[in-house]
Amino acid sequence: MATTGFPTKSGAPKQLLVDASVKDIVKLDTFKGKFVPKEFIESISSTLIAQNQGASQDFDPKPFIRNFEAAIDELLRMKRKVQNKIDDLEDEEAASESRRKLKMVELNEAMHDAQTAFGSLESHLEHVGKTAIQIGEQLETIDKQRTRAIEAKELFEHFVECNAGNASRLDDLVHSGFDAERKAAVVLRRLNAIGKEVDVAGAETARRNIEAFAEEFEKKLLARFDEAYKSGDRREMRHCAEVLVDFNGGESCVRAYLNQHEFFINRAKVEDVESPMESLPSPQGGWKTPDPTLMTLYEEIRRTCKTEWAVIRTVFPNATTVMQQFIQRIFAQSIQSHIEVLLQRADAISKQAFLQALSACHEATTALANDLHELDEESVSTKHGRALLTATINRSLDDLFVPYIEGVRYIETEKQCLADLLADSLSIFHEYAAQRSKTARGKSPTRTSISGPPSPTKTSPTSAEAMMTKLVSTMNVFGQEMAAQIGLQNAPTPLTPEEMGLPSVALMLRLLDIHVEAMHRCQQLSPPSEVPKNGVVLFKMLVENVGVKYLEVALDMLIEDVQFADSKHQPDLRQIGMVQVSQQILQLLQLHFQATVRGAIASSPALHRDMVVYKNGFMAAVEHRLNMLLQKHFDSIINWMSVLLQTQKKTDYRPKDEALAAGSIVPTSTCIQCTTFLNMVFNEASKALSGENLDAFLTEIGSSFHGMLLDHLKKFVVSHGGGLVLLKDIAKYQETIAAFQVPVLNDRFELLKELGNLFIVRPENLKTLINQGQLGQVSISLVHPFVSQRADWGKLGKLEKDMFVQHHDRSTISRLGDDSRRGQSVSGF
């Protein structure tokens with residue numbers, strides 16, 4: 001390391017060495033890890049800085065320069081050294097890469113050789129495998145042929161021995177254990193087949209011996225099976241069942257098992273001891289509910305099937321097939337015979353009882369089938385993953401009711417039953433209508449001409465029976481009425497609406513109950529594709545019988561009664577209540593359609609649309625008749641009001657002074673009759689109508705009566721005292737009309753009150769009264785006819801008369817147009 005000097009305190013140069021720590025600092029380890037340049041510079045000059053801090057001379061940079069130059073030189077040497085090392089490493093890496101590439105080439109060549117060798121080995125192994133498979137198949141074929149040859153040899157030997165009458169080998173095989181017994185069963189089955197096919201002379205003996213041995217073999221097995229069944233030895237039962245399955249498929253074993261089953265034996269004993277028609281009691285709730293004995297049978301079937309499956313599964317190798325036969329026999333034997341007896345008994349009573357029994361049996365049997373499906377899913381088919389008894393159960397259920405619901409059998413019976421029931425329920429009404437058609441208009445048939453309801457028998461009586469029944473009924477009614485007249489017994493009971501030819505909600509409810517029951521059976525017993533069509537047929541029958549032949553006929557008779565009633569008598573307002581009854585019947589029919597009929601026909605949009613149109617058309621026809629009935633009642637009411645007003649006396653409004661002084665002023669008798677009748681009209685209308693219908697009807701009545709009163713007042717001369725009576729009448733009319741609660745009528749009758757005031761004011765106050773209130777809005781020409789009925793009209797001065805004339809001339813043009821715009825009539829304000 002070069003030396004240098006720096007001045008001393010005396011100024012003389014002195015040789016200094018470069019800081020020896022530079023070499024320790026500038027080395028390769030310094031640059032490893034995290035390198036900080038600032039710390040590196042400080043470490044190079046730290047020694048010199050420490051030396052200069054104690055000196056008094058000026059700062060000398062030369063030592064620092066030499067130190068940094070030495071550090072730079074050392075860094076350059078280190079760089080060259082590191083570069084040389086890098087070059088050496090790169091040379092070594094290049095050489096190593098060359099060796100690696102050479103090795104990879106050698107390995108690729110070796111791998112290719114290995115793959116070629118493995119491909120050749122695989123081809124060879126495939127060839128060897130195919131050869132082995134062919135050899136195996138050949139060996140298997142040879143083994144089968146050998147086995148068949150051995151079996152054929154054994155069969156031939158057995159056949160020859162049987163032909164010679166010696167079956168000792170076969171008998172020994174039977175008694176050599178379970179496996180040998182199963183083998184003997186197979187041998188016997190094959191010998192039987194051979195004996196039937198071989199047509200060689202001398203083989204008859206072998207065939208007879210084989211058949212005899214097989215028959216004896218089967219009998220012994222069945223006897224053992226029967227003994228084991230009685231003793232409850234299921235293991236022995238299964239052994240015999242497996243042998244018989246190998247022998248003949250197990251049919252004889254299954255047949256023997258079913259024939260001696262307690263369920264079928266007990267049911268057969270019951271049927272042998274008692275006659276079915278006598279042993280079956282009548283249903284407690286009619287034929288709508290299932291027969292108790294049938295329900296008892298079904299409960300026994302449910303219990304038997306659950307317990308029997310455990311036995312069958314243990315005993316028979318083909319348990320599912322046996323269970324299917326067990327269920328088939330239950331349906332075909334026990335259930336079918338019971339249902340046939342029930343339906344025969346119900347049919348002997350009536351078609352309705354037959355259909356109710358059929359529906360109840362079908363519903364109960366369907367519930368039983370559903371329970372058997374659950375048994376199938378939960379127990380029988382658990383290992384198979386699919387239902388095994390479903391087809392058997394469904395087919396047995398369908399076969400059970402095919403004789404009663406196949407094709408059009410059910411719907412034709414239902415139509416006949418529905419027609420008979422509706423006709424029977426409406427027989428009294430139809431009889432009334434028939435008698436009425438023979439009676440003069442305006443008169444009702446007498447009670448003696450209406451017979452009671454027909455007897456609810458299955459078939460209609462003969463003509464002689466019908467005549468005798470009608471004669472007895474008529475004599476009974478006639479005798480009761482005569483006895484009531486002479487006081488021997490009470491008067492007959494009140495007539496029902498049907499007997500009077502009136503609509504009845506109670507009767508409609510009974511008819512709808514009948515139809516609901518029919519619709520329920522339709523959906524239950526009809527095929528799904530036929531339900532909409534059959535539902536349409538039944539609904540049309542309801543509308544035709546209940547609507548057209550009952551409700552419309554009843555309304556027509558009511559309209560005729562009102563139209564041809566005696567106008568000299570007060571009209572019967574109770575018939576207005578039939579409007580409400582008819583509306584309730586229509587509402588019931590609408591609710592019935594929505595709740596029952598629509599569900600049956602909804603699956604066919606076209607039929608549903610047609611039925612809605614059909615129903616709405618019928619309801620529109622009924623509503624038209626209701627409107628006609630109300631119009632006829634309105635006409636009769638107005639006519640009777642006119643009759644009552646005609647009873648008004650001329651002296652009612654010109655009473656004598658003595659009469660007025662004798663007592664207080666009261667309404668006239670005509671007013672009392674009119675208001676009493678109007679109250680009756682209001683009460684009956686309020687019961688039958690509501691809402692806008694009631695308001696419209698009362699408005700028409702009140703408006704017409706108002707016009708009649710205006711015309712009525714023009715016919716009478718009114719004195720001053722009579723004016724007071726008139727105001728009393730008008731107040732009574734106002735009170736009665738106010739109960740209607742129709743504002744427009746209140747205004748009109750208020751005007752009527754102002755007209756009444758014209759008869760009690762002094763002549764000089766007439767002008768003031770006419771120009772005030774509602775009279776001030778009315779043309780004077782309309783007021784003049786009323787004022788001219790004052791008793792003192794002839795005594796009025798010329799001034800008052802001229803006033804009316806002038807007002808008449810002046811208002812004819814100015815107010816007449818306003819009156820017409822307000823919609824007032826010339827006569828009724």
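A residue counts as buried when its relative accessible area is under 20%. Glycine 707 has a relative accessible area of 18%, so glycine 707 is buried. This residue is found in helix 24 of the predicted model. Glycine 707 and arginine 748 are 41 residues apart in sequence. In space, their C-alpha atoms are 9.6 Å apart.

The protein has 829 residues, and 38% of them count as buried. Its secondary structure comes to 30 helices and two strands. Contacts between residues at least 6 apart in sequence were examined as well. Of these, 75% join residues at least 24 apart. The protein exposes about 46,900 Å². Carbon and sulfur atoms supply 55% of that area.

Aromatic rings come next. A pair of such rings is described by two values: the distance of the centres and the angle of the planes. The structure holds eight aromatic pairs. One of them joins tyrosine 653 and phenylalanine 716.

A second pair consists of phenylalanine 705 and phenylalanine 749. Here the centres are 6.4 Å apart, with 25° between the planes. Planes under 30 degrees apart count as stacked, so this pair is a stacked one. Phenylalanine 705 lies in helix 24, whereas phenylalanine 749 lies in helix 26 (residues 743-757). The pair therefore ties together parts that are 44 residues apart in sequence. Both phenylalanine 705 and phenylalanine 749 are buried. These two residues belong to one aromatic cluster, together with Tyr733.

Charged groups also sit over aromatic rings. The charged end of lysine 351 sits over the ring of phenylalanine 354, at 5.9 Å from the ring centre. In another case, the charged end of lysine 615 sits over the ring of phenylalanine 593. The distance to that ring's centre is 5.2 Å.

Conventions: Residues are numbered from 1 along each chain as its sequence is written. This is a predicted model: local features need pLDDT of at least 70, side-chain atom pairs count only at pLDDT 80 or more; totals for chains, interfaces and linings use all residues. Side-chain values use heavy atoms; hydrogens and water are left out. Rings of Phe, Tyr and Trp (its six-membered ring) pair if their centres lie within 6.5 Å; planes under 30 degrees apart count as stacked, over 60 as edge-to-face and the rest as tilted. Helices (H or I, at least four residues) and strands (E, at least two) are DSSP runs, numbered from the N terminus. Buried means under 20% relative accessible area, exposed over 50%, partly exposed in between (1.4 Å probe, protein chains only). A charge sits over a ring if NZ of Lys or CZ of Arg is within 6 Å of the ring centre and within 35 degrees of the ring normal. Contact means heavy atoms within 4.5 Å. Accessible areas come from the Shrake-Rupley method with a 1.4 Å probe; for residues, only the protein chains shown count as cover.
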